[in-house]
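Here's a quick tour of a protein structure, written for someone just starting out. Have a look at the picture first, then read on.

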Amino acid sequence: MSAANSLEPYSLDLTTGLPRMAAAPTTPRQLLRYARILRTAAGFAQRQFDTLSLSDVAARADVPLGTLYRYFPSTAHLMLAVYRQQLRELRDGVRQRQGNGHALAGLMMEIFHLRVMQPGVEHCLIRPAGKDSDTAQLLREIDALSEEVVVSLSSDSGKDPVKARILLHLVSGLVQAVRCRRLSLFEAEKDLKKACSLVAGE
């Protein structure tokens, strides 16, 4: 993540007592292993956070637990990295779409469903980052990626980062309303589609 991490992948964050995240892998073998960890963890993200275990992910991904801990010192680090990767994939797919209200609604629905259907990820997105600098950095990257994805698909008149943030805040609120059963999934989807139409001026 940072220059310090690349030099000392096992150094401690003294404010949290957690090891620092190792730098992202660079060799082909490391990249394949890293990708396998994230793919495997994405399946676990559909579980409640308190049922997740790094040892279960390591076993399913067929990687040593020490390797998993090197990149992801806690379950929260892993879940946030999973969501970051999903946003990167969305960003890459967005480049092939046309910028209009319908496409924007489809994208926002994808982001909404990723969060609703992955309680393990959602738990980490809404809890305070605390003093862990790696978690705070992951959350900043997620915020920037989310905004980049939404802005890139907006129409020329809607390429406004403020509008993108408003839609993303709406998604956060709707996810919580669905999880607390104040809204049905159908009602939340309807509200989100309407908001996208308003933002796109349709």
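Helix 5 is mostly covered, with 14 of its 20 residues buried. Buried means under 20% relative accessible area, exposed over 50%, and partly exposed in between (1.4 Å probe, protein chains only). Helices (H or I, at least four residues) and strands (E, at least two) are DSSP runs, numbered from the N terminus.

Keep in mind that this is a predicted model, where local features need pLDDT of at least 70, side-chain atom pairs count only at pLDDT 80 or more, and totals for chains, interfaces and linings use all residues. Residues are numbered from 1 along each chain as its sequence is written, and side-chain values use heavy atoms, with hydrogens and water left out.

**Helix 5**

- Helix 5 runs over residues 75–94 and spans 29 Å from its first C-alpha to its last, close to the expected 28 Å.
- That expected span is 1.5 Å times one less than the number of residues in the helix.

**Aromatic rings and the core**

- You'll find three aromatic pairs in the structure. Rings of Phe, Tyr and Trp (its six-membered ring) pair if their centres lie within 6.5 Å; planes under 30 degrees apart count as stacked, over 60 as edge-to-face and the rest as tilted.
- Tyr 71 and Phe 72 make a tilted pair, with 6.3 Å from centre to centre and 55° between the planes.
- Tyr 71 counts as buried at 4% relative accessibility, and Phe 72 is buried too, at 0%.
- Beyond its neighbours within four places in sequence, Phe 72 is in contact (heavy atoms within 4.5 Å) with residues including Met 21, Tyr 34, Leu 54 and Leu 78.

- Helix 10 (residues 185–200) has 16 residues and reaches 23 Å from its first C-alpha to its last, close to the 22 Å expected.
- Which residues of helix 10 are buried? They are Ala 188, Glu 189, Leu 192, Ala 195, Cys 196 and Ala 200.
- Seen down the axis of helix 10, these buried residues fall within an arc of 130°, so they line one face of the helix. The arc is that of the directions from the helix axis to the C-beta atoms.
- Phe 186, Lys 190, Lys 194 and Leu 198 are exposed on the other side of helix 10.

- Ala 177 sits in helix 9 and is buried, with a relative accessible area of 8%.
- Ala 177 and Ala 188 are 11 residues apart in sequence, and their C-alpha atoms are 8.1 Å apart in space.
- Not counting residues up to four places away in sequence, Ala 177 touches Arg 182 and Leu 183.

**Positive phi without glycine**

- Asp 62 is not a glycine, yet its phi is positive, at about 60°. Asp 62 lies in the loop between helix 3 (54–61) and helix 4 (65–71), and is exposed at 65% relative accessible area.
- Arg 181, another residue other than glycine, has a positive phi near 65°. Arg 181 is in the loop between helix 9 (161–179) and helix 10, and is exposed at 77%.
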